[in-house]
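Subject: Structure handover

Hello,

Please find the structure below. Have it open while you read the notes that come after it.

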Amino acid sequence: MNTMLNRRQMMIATAAASFPAISPAKSGWAQAGWPSKPIRWIVNFPPAGAADILSRTLAEYYGTRLGQPIVVENKPGAGGLLGADIVAKARGDTHLVMMSSAASHGIGPVLYKDVPYDPLADFTHIHLVGTFPTVLAVSASSPITSVAQLIEMAKAKPGEVTYGSGGNGTMNHLTGQVLARAAGVQLTHIPYRGSAPAMNDLMGGQIVALMESLPTAIGYFTSGRMRPLAVSEDQRSSSLPDVPTFREAGFAGVVTTNWFGFTATADIPRDLVLRWESETGAALQSAQVKEAFAKIGVRPGTLGASGYTDLIRGELARWKEVIAAGNIRAD
């Protein structure tokens, strides 16, 4: 494993380790009767990733206000479905929350067979937490300097232009399929078991391009080892201000967003939903949280319960169509 990856993983792991189970200093939020015990926060991805860092950052903020500790539990597996199922099965539990995501609530439910939960009915979605783009990248040594050049190569060599991602059915994989459809070309997807081997193969010349999440790849861009060509959101990232969006690069239909949100169990009291929604909105506007998010290229979310639920509903419909059109299967 390369030195840059080791350095980045060490930095993220150190940040994550600095947020253990959070014990409050003094409660200014707790009301009589709630919370009456520690709150469990399920992260359905491994430690040190974006979901984990965002969860622990917010847990630290809440920990000074709740009157009870927040215990962050990593429950990875099945593309995020395993952790989500824990929350789905705990209907009415007011002391259990999770970090929902595009993987567990937007793509997974329409990609996998026999998903054990309904991504809408079995949860109470509180607030969009953060978004970040997928980035189309090439190795720093590649002669390709724009999306247009990559597409011209794909037109000249049908099926020979490869792009990697961290796995079949991921947002990064699907963004590549959206680009291929918009450009009318064939881009051959190479799935990897995680981002690290995909990035290593890109820099080693085994694949032509890579679709990768900004928080994962940002260190490689700043070090100059990979060259970003375009970002997938509808506005440029403040972390990569000189990199165009796909729309600006001439591919207007290529707009995708990686997203994470704050979600509770189904059937919790309405007043608790409103309290969580209000406090999450305030947390996302705090300097403490904004600074932590900015370090990994994440834009704080602005959608409350209704807007976030609508976003999930729209994403489910969108990715169902893309997955069917591309005959995409899970690993």
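This is a predicted model: local features need pLDDT of at least 70, side-chain atom pairs count only at pLDDT 80 or more; totals for chains, interfaces and linings use all residues.

Residues are numbered from 1 along each chain as its sequence is written, and side-chain values use heavy atoms, with hydrogens and water left out.

The sheet

Helices (H or I, at least four residues) and strands (E, at least two) are DSSP runs, numbered from the N terminus. Two strands pair if DSSP finds at least two bridges between them. Five strands make up an open sheet with mixed pairing, and their order is 7-6-8-5-9. Strand 7 (188-191) and strand 9 (226-231) are the edges, each pairing on one side only. From one strand to the next the twist averages 30°.

Inside this sheet, strand 6 (residues 162-165) and strand 8 (residues 209-213) pair in the parallel sense, over two bridges. Tyr163 has Ala209 of strand 8 as its bridge partner.

Helix 7 (residues 195-204) lies across strand 5 (134-139), strand 6, strand 8 and strand 9, and runs at about 145° to strand 8. Axes here are lines fitted to C-alpha atoms, for helices over the stretch in contact, and angles run from 0 to 180 degrees between N-to-C directions. Contact means heavy atoms within 4.5 Å.

Strand 1 (residues 39-43) and strand 2 (residues 70-74) run parallel and are joined by five bridges. In one of these strands, strand 2, Glu73 is the bridge partner of Ile42. Between strand 1 and strand 2 the chain passes through helix 2 (residues 50-63), giving a right-handed β-α-β crossover. Right-handed means that, with the strands pointing away from the viewer, the path from the first strand over the helix to the second runs clockwise.

Glu73 also forms a salt bridge with Arg40, with the closest N and O atoms 2.9 Å apart. A salt bridge is a side-chain nitrogen of Lys or Arg within 4 Å of a carboxyl oxygen of Asp or Glu. This pair links distant parts of the chain, as Arg40 is in strand 1 and Glu73 in strand 2, 33 residues apart. Buried means under 20% relative accessible area, exposed over 50%, and partly exposed in between (1.4 Å probe, protein chains only). Glu73 is buried at 18%, whereas Arg40 is partly exposed at 32%.

A buried helix and a buried loop residue

How many of the ten residues of helix 4 (residues 102-111) are buried? Eight are, so helix 4 is largely enclosed by the rest of the structure. Among them are His105, Ile107, Pro109 and Leu111. The elements covering these buried residues include helix 3 (81-88), strand 3 (96-101), strand 4 (123-132), helix 6 (171-183), strand 10 (258-265) and helix 11 (305-325).

Val161 sits in the loop between helix 5 (147-156) and strand 6. Val161 is buried, with a relative accessible area of 2%. Leaving aside neighbours within four places in sequence, the residues in contact with Val161 are Leu150, Met153, Ala154, Gln186, Leu187, Thr188 and Val208. The C-alpha atoms of Val161 and Leu150 are separated by 8.0 Å, and the two residues are eleven apart along the chain.

Arg91 lies in the loop between helix 3 and strand 3 and Asp267 in the loop between strand 10 and helix 9 (270-284), so the pair ties together parts that are 176 residues apart in sequence. Arg91 is partly exposed at 41%, and Asp267 is exposed at 55%.

Another salt bridge is between Arg299 and Glu233, with the closest N and O atoms 2.8 Å apart. Arg299 is in strand 11 (residues 299-300) and Glu233 in the loop between strand 9 and strand 10, so the pair ties together parts 66 residues apart in sequence. Arg299 is partly exposed at 25%, but Glu233 is buried at 4%.

A helix pair

The axes of helix 7 and helix 8 (residues 214-222) come within 11 Å and cross at roughly 35°. Ser195, Met199 and Met203 of helix 7 make the contact with Thr216, Ala217 and Tyr220 of helix 8.

Regards
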